[in-house]
Every structure is written in C-alpha cells, then in structure tokens.
Amino acid sequence: MVTDAPETRYTRSSDGTNLAYQVSGYGPLDLVFRHGTHPIDLLPEDPGFVRVRRRLGTFSRTVWFDARGVGASEGDPRDNLVGEISDADLTAVFDAVGFERPALVAEDSSGGRAIHFSATHPGRVSALVLINSFAHYVREDDYPWGFPHESLDRVSAAVKETWGTGAILEVIAPSRIGDERFRSWNARSARIAGGPDQVAHMVPANFAADLRPFLPGISCPTLVLHRRGNRYIYLGAGKYLAEHIPNAKFVVLPGDDHLYFVGDTDALVDEIEEFLTGARSGAEGEVVLAAVLFTDIVASTEHQARVGPREWSRLTDHHDAMVRAALARNRGHEVKTIGDGFLATFDATGRALRCAAEVVAGAKDLGLELRAGVHTGEIEIRGEDLGGLAVTIGKRVCDLAGPGEVLVTRTVKDQVVGSDIDFEDRGERELKGVPGSWRLFTVIG
C-alpha cells in the first residue's frame, strides 16, 4: 500500500501540556476522531487504518490525536480520565485546527470522554458517533454489562502481565490472530503508547467510570455502531447507549473484531458517511499510480535442502532484514511477503529501481541469488492487499527474471529517462494472463 502519513503537529492544552495531532483528508465536513491507545505516528503502518483514514478523507477533514500521556503527547495518562482535563484537551485540538462544531467520532473507552464532552459542551459538537463503546463496563444491579466489581483487580493484573505482547488480539482482533506481522505491530504500538503499570491503572479506571447519567443530556444527532460478536465490549453495552441517548440510531455490524480498523472497515465507514452526509459513496477500490516491486529468492528449495533448516532460517532472517532496510532507505512500502520474496510499492519509479538493485546486490553478499521485477501502473488498494493489472504484470516480470537480474517493463524504462540508470533490451515477451506482448529490459547500471 502506498501512503504518506500526515505531518504530526502540537498544540497546548489549557495547562500547557503538549498534545500531538494530525490532519488528513480534504472533504467538506469537519471531523475529530478520538481513537484508543495506538499512537498516531504508528497507525499509518497498518493498511486497515489507512483505508479507514482515506475513506473518511473523501468526505471530511479528519483530525487524529494522541490522548494526554499516550504516544507523542505529553502529560500523565491518569489525567486523561473523563472530566475537565479531557474536555480541555479536546477543546485545544478543536481550536488548533479551527473547528467550531465538528462531528465527533470515538471508539472503545474514548467513547466515555466523547459522551462527557458532548453532554457538557453541546455547542461544540454537531454529531456524535460511538464505535464499540460503552458508558460503563462494571456490572450493577440494573446493568448486566461488563466486569464484576470484585474482578477489576484481576483485570488490572492481567493487563500488567500481558501488556505489549500481542496476547490481547484474541479478543480485540480475532480475525488477525494468525497475522504475525500485525501481532508484532500491535504489541509495539502498545509499548509505545504506555507502560504496563500505567495501562494497568487506566483500563479498570475506564471500565469503572460511569457516564450513564450524561446520556440523556446529549442533544446532537448520535450514531452508535457495534460489532455483533465483539468479545471485548459486548453488544449489550452498545445497545444500552443507543437506548439512553435521545433519538440515537443503533446499527449492529457483522463481525467480532473490536478494533475499528480491523475486519470489514468499509461497512463501518459506510454507516458513518451516510449518517453524517446523508449518502454513501460506496467502497470502490482506491486506485493510485505506483511502482510495483516483486522479489524472489532463486532456487530457494534447493538452497534450503543444501544448507539445512537451521542455516536457512538464519539466512532468510538476514535476507528479510536486508530487504526491509533497503525499502526504508528508498521510501518503499512493504505490502506483504510472498513465499521467499516481497511485494512492495513506491511513489517514484527511480526509487523502486534503486531498491531492487540494492536487494539483489545485498542477497549476493548473503550467498543468495535474488531476482526482481518492476512495473509502474495503476494499482487498486483492496483493504490490506493490492490488486489490478499492474500488480499482475509486476509478478509476471519477476518470474521471467534470471538470477541476480532486475527485469522491468518499457513503462518503467520510459519513466526514468534522463536518470543515471541504464538498461539492456531483453526483447518482446508474453506475460501469462496479460494481453499482448511486452518489451522487457534489464537494469545494468
């Protein structure tokens, strides 16, 4: 996926605390998204989040910010509990971007802060959207949702024990349990967001906060979205919100993922868009122009059989680290690994070629033979993956490359006319499943 993260900026809350925020999108609607603990500087690394951000940006100018004491924002996270300080922080973000009366979207425990702000500052919120959220998550005689009072200490201990390990994915993102890259990213996001002791204090405090008295005081149009099989915050907590906020609309979404940027994100954004604008544009794949790079280790099975599984594991670890370092140097974006190779995209063709040359040379230093294929064209962003003919062409070109070769299409060669990159003509070739014949070139300098 090709993406450029918005610039992170700072504003000061009323007590002087610096708060980090980003602005994305160019739509006519003003929107502030109060998300959970994933730092804004790491969120753009997840394709699911990027898709949500891009879709919101088609109809809104969206603000994202790290809550006090989280990620790049200063302060004590314990001051971020619902109340005057969290209200002041939200006001500071509104004012920093010049939003007089934006729509306010919030998820998880951030929903409590949005509820409090909407009820106590009705003139500053045009609409409220609550995603997989709650007003209270401790069981009472008249409220069966959440944890028993006596279990909160155990909840705190469990958070402290597992924080930053990715173990929580089983309840917040069950559809991504098998995705080790996502697990690693989520664990790193958690560690950067805050330490185990801090979070172990905040989680039960957020559950125990009781915003139920504020629900009848919300006067702006409100949409409550909740995934039916949510294992972390049960559906009943969302239903309670909708039943006690005047004229709230309640929509039950399919799926069991708690994280808003995991699972069927298009269905979620469709509901938000229709609620805020009166129409939905649909989840058409977003098409962007990009250079596509495929790499592949030549004769990997034979090499593995020759050196043995332990040495092969060591070699591939070094190979993966080498490729990722080259992608970082050349502003490439790793989409996924395919077998023993990588699929990556670039916003400039020259950088894709230089990266390809680097990884082919780097593989030789490791005792491996790599081949690479590059093509430039329109690609379709499909959730966490890519599609379109340009991707297919890139893969077919890579399959035709020889050991140590960077093979490219004429389109790529024409894109870098005047550069210091030289090519040698490899003639016309048929690409399996692609119409016509294609003139290919190998990079020689």
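Reply: In this predicted model, β10 and β11 form a hairpin with two residues between them, and Gly339 in the turn has a positive phi of about 60°. The two strands (DSSP runs of E, at least two residues, numbered from the N terminus) cover residues 333–338 for β10 and residues 341–346 for β11, and they pair in the antiparallel sense over five bridges, where pairing requires at least two DSSP bridges between strands.

Residues are numbered from 1 along each chain as its sequence is written. As this is a prediction, local features need pLDDT of at least 70 and side-chain atom pairs count only at pLDDT 80 or more, while totals for chains, interfaces and linings use all residues, and side-chain values rest on heavy atoms, without hydrogens and water.

Turning to the sheet, eight strands form an open arrangement in the order β1-β2-β4-β3-β5-β6-β7-β8, with mixed pairing. β1 (9–12) and β8 (249–253) stand at the edges, and each has a single partner strand, so one side of each is left without a neighbour in the sheet. Direction ignored, neighbouring strands of this sheet are turned against each other by 25° on average. Within the sheet, β5 (residues 103–107) and β6 (residues 127–131) run parallel and are joined by five bridges, and Ala106 stands opposite Leu130 in β6. Across β6, β7 (222–227) and β8 lies helix α8 (residues 235–244), which runs at about 170° to β7; helices here are DSSP runs of H or I with at least four residues, and angles run from 0 to 180 degrees between the N-to-C directions of axes fitted to C-alpha atoms.

A helix pair comes next. The axes of α4 (residues 152–162) and α7 (residues 196–208) come within 8 Å and cross at roughly 145°. From α4 the contact (heavy atoms within 4.5 Å) takes in Leu152, Val155, Ser156, Val159 and Lys160, while α7 contributes Pro196, Asp197, Val199, Ala200, Val203, Pro204, Phe207 and Ala208. The residues of this contact divide into 10 nonpolar, one polar and two charged, with Asp, Glu, Lys and Arg counted as charged, Ala, Val, Leu, Ile, Met, Phe, Trp, Tyr, Cys and Pro as nonpolar, and the others as polar.

Helix α7 also gives the largest share of the lining of the largest pocket, six residues. This pocket (an open set of 1 Å grid points for a 1.4 Å probe, with protein on both sides within 12 Å along at least five of seven lines, and lining atoms within 4 Å of a point) has a volume of about 910 Å³. Of its 43 lining residues, Trp163, Ile168, Val199, Val203 and Tyr232 are the closest to the centre. The elements that give two or more residues to the lining are α3 (110–120), α4, α5 (169–172), α6 (180–193) and α7. By class, the lining residues divide into 20 nonpolar, 18 polar and five charged.

Technical notes. Points joined across faces, edges and corners; volume = space filled by probe spheres on them.
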